[in-house]
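Subject: Structure handover

Hello,

Here is the structure I said I would pass on. Please look through it first; my notes on what was found follow below.

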Amino acid sequence: MKQRALLLVDLQNDFCAGGALAVAEGDSTIDVANTLIDWSKARGEAVVASQDWHPAHHGSFASQHDAEPFTQGELDGLPQTWWPDHCIQESEGAALHPLLNSKAIDAVFHKGENPAIDSYSAFFDNGHRQKTALDTWLRHHEIIELTVMGLATDYCVKYTVLDALQLGYSVNVITDGCRGVNLSPQDSAQAFMEMAAAGATLYTLDDWRETQ
Ligand code: VGL
Ligand code: ZN
């Protein structure tokens, strides 16, 4: 089953405890990731990761617009949530979580480098104007099925999964490896429903192990 890859979304310090955009229980995803990495490696499958990687004055930052973080505005013609400054290139906050087994990761894909537009998905910016190298890499390795988990459920995981499905990948989502921002309390639950409705299969880690 070499044509399957594990895709770890944004397991970065800024989304974990003490980070600039900390997600509740974000750290709890790291054990799940390390377990999935072990299983993937045991089967000879690829492990890839995305990393939110913003320049210091990224247009999604509230600080650039004299706005309050977590309020809504518009960026490059698209609705935009203003975020606290986060995941600034080369900063400690942008680094992958120190407990993540990152040496087992075969390739890391940066996103959000263009200051003029946000990029939740690991495949495209939010306007689907530019593509990261992820799809090309996966195709080059003849990967057709993805197992996805990470941060945050209601943003980067959701849009990564929806784009992956649209690009034709089979997608499994490991729900206990995901945590959400939940600006509204049901956002993560809603995001899982949208992913499932679009064709993703949702598993807990235990359920996933049963299928292996
Ligand atoms: C993310 C908000 C802003 C994410 C990234 O990784 O889900 N969310 N930038
Ligand atoms: Zn970001």
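Start with the contacts, where two residues count as touching if their C-beta atoms, placed from the backbone, lie within 7 Å. Among contacts between residues at least 6 apart in sequence, 72% join residues at least 24 apart.

This is a predicted model, in which local features need pLDDT of at least 70, side-chain atom pairs count only at pLDDT 80 or more, and totals for chains, interfaces and linings use all residues. Residues are numbered from 1 along each chain as its sequence is written, while chains are lettered from A and ligands numbered from 1 in the order in which they are written.

The chain as a whole

Helices (H or I, at least four residues) and strands (E, at least two) are DSSP runs, numbered from the N terminus. The chain has five helices and eight strands, and from the N terminus on they run β-α-β-β-β-β-α-β-α-β-α-β-α. The radius of gyration, taken over C-alpha atoms, is 16 Å, close to the 17 Å that the globule rule gives for 212 residues, so the chain is as compact as a globular protein of that length. That rule is 2.2 Å times the number of residues to the power 0.38. Along its principal axes the C-alpha trace spans about 50 × 35 × 35 Å.

The sheet

Six strands form an open sheet in the order β5-β2-β1-β6-β7-β8, with parallel pairing; two strands pair if DSSP finds at least two bridges between them. β5 (107-111) and β8 (201-203) are at the edges with a single partner strand each, so one side of each has no neighbour in the sheet. β7 and β8 are joined in the parallel sense by three bridges, and Tyr203 in β8 is the bridge partner of Ile174.

Helix α3

α3 covers residues 153-166, 14 residues in total, and reaches 18 Å from its first C-alpha to its last. That is close to the expected 20 Å, which is 1.5 Å times one less than the number of residues. A residue is buried if 20 or more other C-beta atoms lie within 10 Å of its own, exposed if 12 or fewer, and partly exposed in between, with C-beta atoms placed from the backbone. In α3, 12 of the 14 residues are buried, so the helix is largely enclosed by the rest of the structure. Its buried residues, including Tyr155 and Leu162, pack against β1, β2, β6, β7 and α4. After α3 comes Gly168, with a positive phi near 100 degrees.

Regards
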